[in-house]
Amino acid sequence: MTKALPTTLLEQLAEDASFLRPELFAVYGVDNTGRPFLGWGMQLCDDKAVYHDPEHAITWLSPTADHILRRRQSQGSAHLVWLEP
């Protein structure tokens, strides 16, 4: 049987979920071989970013979205766009 959580704790968790929500971004461009790429990510509140590259079915963990952008720029022309919630 699951123990019920106090309402005040649930209310605090609901506030935290909204306040600490990740920021969504996309990184897109053309690599050095001329292939276009597009991937999406989340900048988390604890200075971590998660990025998914669907073309290669790879998910990266990085310190920031800017770090992911710089990595993609080392492979070609890349751009970062922050997505509205």
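**Figure 1. Overall dimensions of the chain in the predicted model.** The chain has a radius of gyration of 17 Å, whereas a compact globule of 85 residues would have one near 12 Å. Along the principal axes, the C-alpha atoms fill a box of roughly 55 × 25 × 20 Å. Of the 85 residues, 22% count as buried. Among the contacts in the chain with a separation of 6 or more, 34% are between residues 24 or more positions apart.

**Figure 2. Order of the helices and strands.** Two helices and five strands make up the secondary structure elements of the chain. Read from the N terminus, their order is α-β-β-β-β-α-β. The views that follow refer to these elements by number, among them strands β1 (residues 23-31) and β3 (residues 48-53) and helix α2 (65-73).

**Figure 3. Aromatic pairs around Tyr 51.** The structure holds three aromatic pairs. In one of them, the ring centres of Phe 25 and Tyr 51 are 6.4 Å apart and the planes lie at 5°, so this pair is stacked. Phe 25 belongs to strand β1 and Tyr 51 to strand β3, so the pair ties together parts of the chain that are 26 residues apart in sequence. Both residues are buried: Phe 25 has a relative accessibility of 0%, and Tyr 51 has a relative accessible area of 1%. Tyr 51 also pairs with Trp 60; here the ring centres are 5.1 Å apart and the planes are at 45°, so the pair is tilted. Trp 60 counts as buried too, at 13% relative accessibility. Through ring pairs, Phe 25, Tyr 51, Trp 60 and Trp 82 are linked into a cluster.

**Figure 4. Two arginines over aromatic rings.** The charged end of Arg 71 sits over the ring of Trp 60, at 4.1 Å from the ring centre. Arg 72 places its charged end over the ring of Phe 37, and the distance to that ring centre is 3.8 Å. Leaving aside residues up to four places away in sequence, Phe 37 touches Val 27, Tyr 28, Gly 29, Val 30, Asp 31, Tyr 51, Arg 72, Ser 77 and Ala 78.

**Figure 5. The largest nonpolar core.** In soluble globular proteins, nonpolar side chains tend to be buried together. The largest nonpolar core of this chain has ten residues: Phe 25, Val 27, Phe 37, Ala 49, Tyr 51, Trp 60, Ala 65, Ile 68, Leu 69 and Ala 78. Strands β1 and β3 and helix α2 each supply at least two residues of this core. Helix α2 gives the most, with three residues.

**Figure 6. The buried side of helix α2.** Ala 65, Ile 68, Leu 69 and Arg 72 are the buried residues shown in α2. They cover an arc of only 100° around the helix axis, so they lie on the same side of α2. What covers the buried residues of this helix includes β1, β2 (36-44), β3, β4 (58-62) and β5 (76-82). One of these buried residues, Arg 72, is the arginine whose charged end sits over the ring of Phe 37.

Notes. Residues are numbered from 1 along each chain as its sequence is written. This is a predicted model: local features need pLDDT of at least 70, side-chain atom pairs count only at pLDDT 80 or more; totals for chains, interfaces and linings use all residues. Side-chain values use heavy atoms; hydrogens and water are left out. Rings of Phe, Tyr and Trp (its six-membered ring) pair if their centres lie within 6.5 Å; planes under 30 degrees apart count as stacked, over 60 as edge-to-face and the rest as tilted. Helices (H or I, at least four residues) and strands (E, at least two) are DSSP runs, numbered from the N terminus. Buried means under 20% relative accessible area, exposed over 50%, partly exposed in between (1.4 Å probe, protein chains only). A charge sits over a ring if NZ of Lys or CZ of Arg is within 6 Å of the ring centre and within 35 degrees of the ring normal. A nonpolar core is a set of buried Ala, Val, Leu, Ile, Met, Phe, Trp, Tyr and Cys residues joined through side-chain atoms within 4.5 Å. Contact means heavy atoms within 4.5 Å. The arc is that of the directions from the helix axis to the C-beta atoms. The radius of gyration is taken over C-alpha atoms; the globule rule is 2.2 Å times the number of residues to the power 0.38.
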